[in-house]
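Trainee: I would like to go through this model one question at a time. Please show it first.

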Amino acid sequence: MTGKISVVVFDLGNVLIPFDYQILKNKLEKIEKNLGEKFLQFYKDNYLYHRDFERGDLSENDFIEIMLSALNHKIDKKTFCEYFSHIFTENLEVIDLLPELKKSYPLVLLSNTNSIHYEFGWRQYNFLKYFDRLIVSYKVGAVKPEEKIYRAVELYTKKNPEEHLFIDDVAEYVDAAIAIGWEGIQFKGYIDLKLNLVNRGILK
């Protein structure tokens, strides 16, 4: 363990697991022409539903009902959950850093996510074994960049703010962590991340 950093905190989406809603769109297009296009436009225009679901303010059943209504009930609940969740791939280069980091640092996952993506989309990924704790928005009742979700990490680690290093692809979320005293790295790709970690003395 080097310097003041004693905990490394990772975002999930587009860092460890890139996601692509085009995969969902393409599946819906096979059911009915323009169904995927119309649904993604609805999803974008009504992003508040997504955010409320991630925060835990909107129940899973209510969220699904809203989404199925937007799809004119062309698919059932089970199919929606599968389509909605099978949008992820693994960033194996970044994942390969986890066992190296784990040798010297506790690892925490901090994700804006929802119960459907958690249960159907990524909970079974093997790389999660490297994390000491998974802190997810819908269970905490807060989403990044809200301060409460970062403080939830500190409640678990029992470490001072400046001992946390946060890695996220969204600059706003990194800036929010820095604002409460954390160190932060905006993820811009594997090579840039590894160089940042080496320069900070966290990786050799």
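Trainee: In which sense do strand 1 and strand 2 pair?
Mentor: This is a predicted model. Strand 2 covers residues 107-111, and three bridges link strand 2 to strand 1. Within this pairing, Leu-109 of strand 2 is opposite Phe-10. The sense of the pairing is parallel.

Trainee: Which residue in strand 4 is the bridge partner of Val-7?
Mentor: Strand 1 also runs parallel to strand 4, residues 164-168, and four bridges join them. For Val-7, the partner in strand 4 is His-164.

Trainee: Are the residues of strand 1 that point either way buried or exposed?
Mentor: Strand 1 spans residues 7-10, with Val-7 and Val-9 pointing one way. Val-8 and Phe-10 point the other way. Buried here means under 20% relative accessible area. On both sides, these residues are buried.

Trainee: Which helix gives the largest share of the lining of the largest pocket?
Mentor: The largest pocket holds about 410 Å³ of space. Elements giving two or more residues to its lining are helix 2 (35-45), helix 3 (47-55) and helix 8 (115-122). The largest share is four residues, and it comes from helix 3.

Trainee: How many charged residues are in the lining of the largest pocket?
Mentor: The lining has 24 residues, and those nearest the pocket centre are Phe-19, Tyr-47, His-50, Glu-54 and Asn-112. By class, ten lining residues are nonpolar and eight are polar. The number of charged residues is six.

How values were computed. Residues are numbered from 1 along each chain as its sequence is written. This is a predicted model: local features need pLDDT of at least 70, side-chain atom pairs count only at pLDDT 80 or more; totals for chains, interfaces and linings use all residues. Side-chain values use heavy atoms; hydrogens and water are left out. On a 1 Å grid over the protein atoms alone, a cavity is a set of points where a 1.4 Å probe fits but cannot get out, and a pocket is an open set with protein on both sides within 12 Å along at least five of seven lines; lining residues have an atom within 4 Å of a point. Grid points are joined across faces, edges and corners, and a volume is the space filled by probe spheres set on the points. Ala, Val, Leu, Ile, Met, Phe, Trp, Tyr, Cys and Pro count as nonpolar, Asp, Glu, Lys and Arg as charged, and the others, Gly among them, as polar. Buried means under 20% relative accessible area, exposed over 50%, partly exposed in between (1.4 Å probe, protein chains only). Two strands pair if DSSP finds at least two bridges between them.
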